[in-house]
Amino acid sequence: GYGGQSAQSATAAPRVDSYASRAYEHEPPRLSNSVHLLPDGACRDLAVADDAASTWLEKLEIVSGMIGTGNEVDVDRIAACCIYVRWLGNCDVDCGEDDGRRGPAAACGVARDIFVNLETTAGELYKRGTRVGEVERALMRQIQPWLPSFADEFERGGAPMARIRGITSMPEVPQPLREEISKSIENKLARNAGPVALFATEAMLKTIKEDAYPGQYPQRFVDEFVAFTQELKRYFNCAGALDRLYAMEALDDDQKLMVDELRDAMSQLTRSASATTTAGSGLTTPEGAAVLRALRATTAVRGYFTSLLSTALRESTSGEAAMTQRQQWRMAEVSLEELGFVLLTRTLFCAGFVGDDDEGKGEFEQSLSYDPSVWTAACNCVSQGLRHVALSMWRPMECHAVARELEAWCAKGGANGQGPIGTPEAALRMRATLERALRLLQAHTEAITKAYGESPALLGTALNVPSYVSDAFADTAIRGGVPFQLSRLVEPMRRAASVAAGLGEGSKKSIVLGKGVGRLVECDRLEPGACGSEADGPVIAFVWNVDGSEDVTCAGRHVTGIIAANALNPTSHLAVRARQEGVPLTATPSAKGAENAARAARELMGDWVQLTVNDGGVLLGRASAQERDEARYRGVSKAPPFALISNPRLISNGVECVRLAEAVAERAGRKAATCGDLTRIAARPGSGFRALDGIVVPFGAMESRLRERGLWSSYRNAVDNVDNATRRGSLPDIERACDAVRAVVTDAGCSTELAATICAGLGLESGTFGTGLLAVRASANVDDPAQMSGCGGHVSVVGVRADSCAAVAEAIAAVWASLFTPEAVQTRAAVGVASSADAHMAVVVQEMAPAAVSFVLHTGGRIESVKSLNPGALPDPRLEIELAVGLGEALARSGSGSRGDPWRVEVDLATGDATTTAFGGVGMARVYQPHLGLRDEAVDYSKQELSLDAGARERLCRRLAAVGAALEAEFGGPQNVEGCLVGDDVYVFQSRPQPL
């Protein structure tokens with residue numbers, strides 16, 4: 001049955017007979033001088049130590065010296081040790097023999113030392129603020145199965161040596177066989193040659209049981225050898241999940257019931273599987289039901305052991321007996337994860353997946369389009385798989401939330417009889433959850449891949465490990481895990497949901513239709529400075545990495561077309577903004593498409609080209625002379641010159657502040673001035689929204705503080721270095737120069753007098769919400785013109801304690817310093833600001849609103865895709881709304897690293913019709929809770945009204961659309977409006993020009 005899977009077999013360990021002779025009688029071959037060519041770091045330290053070590057025991061002691069008690073655990077060390085112990089366990093690293101005086105019991109103490117430190121670190125991970133992160137946690141789990149047991153029977157009881165010595169002393173066993181066992185097993189085990197003894201034992205067991213004729217060997221000998229094999233498996237910690245559970249004695253009645261359910265489920269699966277010989281029996285068949293039952297039982301039992309392990313080690317629980325029990329719990333939990341992997345593999349088999357290329361998944365995807373029961377079965381399997389990922393402590397709260405969503409959407413579809421994707425809206429909702437699941441799983445894969453990096457290749461070369469082993473290490477580790485198997489199942493489900501929602505497969509070539517002309521340039525990401533400056537003229541950008549969260553304007557208004565070298569969601573933020581700005585956008589849904597696009601672009605790179613995107617496809621070719629002249633003219637006349645507040649009024653008194661309602665652009669920037677305007681507009685009867693007053697630290701306060709601290713000269717020199725680096729166009733130089741100037745500003749800090757003035761004006765007693773928290777935001781003299789709306793790269797600090805002058809001062813200094821982030825510097829350069837010395841920063845301080853939902857309104861409407869092909873076409877009167885749970889970090893786009901999409905709704909201002917184009921899928925949200933303050937929490941959309949109630953969502957969006965339309969009329973042009981909901985009240989924080 002599946003319960004017999006060992007740690008080695010579940011991770012593709014080598015066959016026994018391939019390695020039975022890999023231990024050396026004396027010393028293993030010495031390594032070449034390549035070890036000394038390794039770069040400094042954990043790999044080099046480990047390889048140098050290995051060069052002086054001979055036996056398996058000595059090599060385990062190297063690991064103990066790196067990550068055992070008293071050693072810091074970091075990604076570099078844990079990754080190197082993870083590779084090393086796996087190769088030791090698979091006999092990929094050669095081990096010699098010692099003189100036999102220490103015996104296998106010596107390895108027990110070494111394993112205990114490593115185990116205690118890893119468990120102590122793992123315990124720390126349950127505390128907030130720990131410096132050890134999720135990647136270290138994922139890697140540590142991959143070390144535990146390769147450590148020997150330090151149970152008392154092995155450390156003090158003489159096992160497994162006593163039994164094997166008894167076997168080799170049996171007179172009834174033929175002398176040649178006894179000698180072979182003594183040489184290949186007993187001596188290897190006694191002299192610490194390592195797992196090679198286990199491989200030899202399994203090979204010998206096959207010889208005396210499977211290959212022997214009846215009665216060839218005495219039954220007492222065979223029984224003893226079987227018992228020895230099981231004992232040796234326990235020593236090397238490779239017993240199967242069910243074997244481990246049956247061996248546990250300290251289980252109460254409820255726990256025994258869970259184990260019995262798992263045993264019965266596995267028996268049912270074995271019976272069902274024996275009747276099936278081909279893939280694709282179906283998830284709704286008896287075999288599919290048996291797989292799901294076994295998955296649920298495995299999750300339940302594993303959850304029990306995880307709960308036992310979820311507390312940090314204490315003095316009362318770190319004794320030898322307690323640690324031995326803890327290792328048993330840990331290995332039971334790990335083996336149950338391996339069983340979960342096997343069960344998910346069986347799930348894929350039932351669904352029709354065959355081979356590495358998943359042949360047959362198309363039939364599964366097709367069945368999802370017409371059979372709701374297949375959806376329910378598949379979602380239940382995925383939800384159990386996600387709970388296994390959560391139990392491995394990879395973003396557990398979010399994994400559990402996504403699992404609950406899948407179950408909720410199936411239940412909702414079953415209740416109304418339409419199924420989980422029975423309507424386009426239901427399909428959109430399911431698609432958002434499945435995309436969120438894929439992001440979680442892909443993030444795990446990317447983290448593990450990045451953590452291992454070049455370490456397998458470096459170590460493999462130094463340790464003489466075959467290249468086919470070292471080259472495949474990371475891939476094998478990833479493919480042998482639950483997240484990888486789960487992603488194989490989720491991907492076709494996502495595609496099926498996309499088709500049901502009317503989005504095709506979720507990506508296509510023609511994203512935004514239109515025509516653009518410009519010089520073809522290449523960049524890695526769409527970000528400030530990536531496409532040169534506006535002075536260079538119009539450009540068509542070929543972008544290698546696009547995640548959909550970017551703003552077109554951040555790369556400059558001279559970008560007249562975008563070719564993305566990867567797939568892109570038509571409802572992504574980038575697609576929405578490109579559509580609004582009339583910028584044609586094309587994507588490449590497949591790797592082959594990206595290769596073809598790159599080949600076509602390479603021939604035209606640097607030339608003037610015409611990009612035409614229409615429903616029939618994409619055309620890219622050289623532009624004519626007339627098209628070049630017209631594009632240059634349009635580029636010049638596209639927008640008025642950049643409106644830098646070139647002569648801001650700087651204060652000379654560093655503690656001067658003004659009320660937000662009195663702010664003017666010349667003293668505090670356009671953002672602060674607009675916020676002041678909002679307070680006056682909100683006060684009008686029937687405005688439809690509220691606005692918060694606040695305090696502004698005007699231009700010049702930072703400069704005054706620098707002079708006061710005697711740092712003005714250092715600051716100006718650092719700014720000059722920023723300008724010089726910007727002119728050279730070297731990003732590393734810009735980053736170093738920006739770091740230097742920010743260090744000067746941070747060193748100057750904000751005076752306590754200024755902070756005290758703000759605390760007095762916005763203290764706890766004057767708060768609207770009673771949170772006692774403030775939001776500290778930037779307002780520069782280069783913010784909020786239409787050319788760079790929302791792309792300044794400046795910092796906002798939320799959740800600042802209103803009763804702490806030190807916290808307020810630190811937040812203000814952080815905002816001042818953000819005037820010199822690389823993004824801010826490159827953005828200024830892209831729109832023609834000659835020197836960063838011309839940039840000044842004011843600070844807006846307001847009470848923090850405890851937002852339940854945050855929003856951004858794009859009031860300019862969705863420009864018809866034919867506009868650039870037919871200049872006479874009119875925009876339709878639609879307003880775009882994005883909403884996210886909590887304070888809305890997901891709506892503050894930075895161009896990369898997105899953790900999901902917000903809800904997106906289009907409102908037709910003429911009819912009031914609201915159309916949802918995307919459901920919320922942002923993974924984490926920052927929310928305020930009374931008595932707990934600000935917390936980052938996983939969003940469970942099955943509990944969010946905006947996902948559950950279409951009527952409530954539409955009513956809210958119509959209300960917000962009315963506010964957006966009114967502000968557009970008030971400010972005389974399309975706006976990006978930011979705000980939130982607190983209770984039933986709409987609050988608007990800022991309104992800035994929307995690029996058109």
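Trainee: Which residue in S6 stands opposite Arg519?

Mentor: Before I answer, keep in mind that this is a predicted model, in which local features need pLDDT of at least 70, side-chain atom pairs count only at pLDDT 80 or more, and totals for chains, interfaces and linings use all residues. Residues are numbered from 1 along each chain as its sequence is written, and side-chain values use heavy atoms, with hydrogens and water left out. Helices (H or I, at least four residues) and strands (E, at least two) are DSSP runs numbered from the N terminus, and two strands pair if DSSP finds at least two bridges between them. Here, the residue opposite Arg519 is Trp608 in S6.

Trainee: How many bridges join S2 to S6, and how many join S2 to S3?

Mentor: Strand S6 (residues 608–614) runs antiparallel to S2 and is joined to S2 by 6 bridges, while strand S3 (residues 539–543) runs parallel to S2, with 5 bridges between them.

Trainee: Why is strand S2 described as largely enclosed by the rest of the structure?

Mentor: Burial is judged by relative accessible area: buried means under 20%, exposed over 50%, and partly exposed in between, using a 1.4 Å probe and protein chains only. Strand S2 (residues 514–523) has 7 of its 10 residues buried, so the rest of the structure largely encloses it.

Trainee: Is Arg628 buried or partly exposed, and which residues does Arg628 touch?

Mentor: Arg628, which lies in helix H26 (residues 625–637), is partly exposed, at a relative accessible area of 27%. Contact means heavy atoms within 4.5 Å, and, leaving aside residues up to four places away in sequence, Arg628 touches Trp608 and Ala623. The C-alpha atoms of Arg628 and Trp608 are 7.0 Å apart, although 20 residues separate them along the chain.

Trainee: How many disulfides does a search of the whole structure find?

Mentor: A disulfide is a pair of cysteine sulfur atoms within 2.5 Å, and the search of the whole structure finds 0. For Cys759, the closest cysteine sulfur is in Cys805, at 4.0 Å, which is too far for a bond. Cys759 is buried, with a relative accessible area of 10%, and Cys675 also counts as buried, at 5% relative accessibility.
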